[in-house]
Amino acid sequence: MPADPPVGERRPRARGLSESAVRTPVAAVLFDMDGTLIDSEKVWDRSLVEVLRWLGGTDLSPEARRETLGGNLRSSLAIVFREAGVVQTPELGEQAAHRLVERTAELFEGGLPWRPGARTALRTVREAGLATALVTNTGRYLTDKALVGIGAEHFDVTVCGDEVPHGKPAPDPYLRAAALLGLAAEDCVAVEDSPTGIRAAEAAGAAVLAVPCEVAIPPGPGRVVRPTLEGLTAADLLAVHREVRERRAA
């Protein structure tokens, strides 16, 4: 992979920012994928359980299921091995990873439902003239399969978990996305559903619009919690950014 341009997939914008967007402090919206735009967490859960049973386990505990939400391949596999009570050797880890990715790819190719309001929210953000990024812990191979249904044209850049030194909850994916857009993360709003992703976005400095999917999200100074993306407007995103910025300045 060439060192330049930076890791991540970038597409030129089809148009410049609108006059209203230039005046706003929000320069871009950074969308998580699994559980935020598409209802794929259940697909991941199914694949993880199949790998767990291949290892000799039975089912993921409720705590383990919560731990895997928003995680990357490495962290999720570590949880599966722990739940199975099996030592993860390099060879066994590679076999389990292959099984997990290929099974998930099969399920992704079957089609993934949108989360409520997500498709309209993407259109709303684009029509407002804001830059957009997809920022996911899912690897590029599976992300590209999901983008067939989501529509890659919705995003100026895409950053995957296997394209940064550390995935979420580290800030690396969000910092990379902002850099590819030529922006500071502080000028962006991240849209997330999981505690793991929220921690990553907040650590990067982005304001977070938290839209819970599988688990409840408690309030916090770096986030605004909203039950759904339905009815989301550009003004709502401006309000999120302003509220978080004012809290941090206090």
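In this predicted model, Leu 30 sits opposite Ala 133 of strand β3. That pairing belongs to a set of 4 bridges joining strand β2 (residues 28–31) to β3, with the two strands running parallel. On to the next neighbour: 3 bridges tie β3 to strand β4 (residues 157–159), again in parallel fashion, and here Ala 133 has Val 157 as its bridge partner. To get from β3 to β4, the chain goes by way of helix α7 (residues 140–150), making a β-α-β crossover that is right-handed.

As for β3 itself (residues 131–135), the strand is mostly covered, with 5 of its 5 residues buried. In a regular strand, side chains alternate between the two faces of the sheet. Here, Ala 131, Ala 133 and Val 135 point one way, while Thr 132 and Leu 134 point the other way, and all of them are buried.

Now for helix α10 (residues 234–249). Its 16 residues reach 23 Å from the first C-alpha to the last, which is close to the 22 Å expected at 1.5 Å a residue. Buried positions in α10 are Leu 237, Val 240, His 241 and Val 244. Why do they end up on the same side of α10? Because they cover an arc of only 90° around the axis. What do the buried residues of α10 pack against? Their partners are β2, α6 (118–127), β5 (188–192), β6 (207–210) and β7 (223–225).

Notes: Residues are numbered from 1 along each chain as its sequence is written. This is a predicted model: local features need pLDDT of at least 70, side-chain atom pairs count only at pLDDT 80 or more; totals for chains, interfaces and linings use all residues. Side-chain values use heavy atoms; hydrogens and water are left out. Buried means under 20% relative accessible area, exposed over 50%, partly exposed in between (1.4 Å probe, protein chains only). Two strands pair if DSSP finds at least two bridges between them. A crossover is right-handed if, with the strands pointing away from the viewer, the path from the first strand over the helix to the second runs clockwise. The expected span of a helix is 1.5 Å times one less than its number of residues. The arc is that of the directions from the helix axis to the C-beta atoms. Contact means heavy atoms within 4.5 Å.
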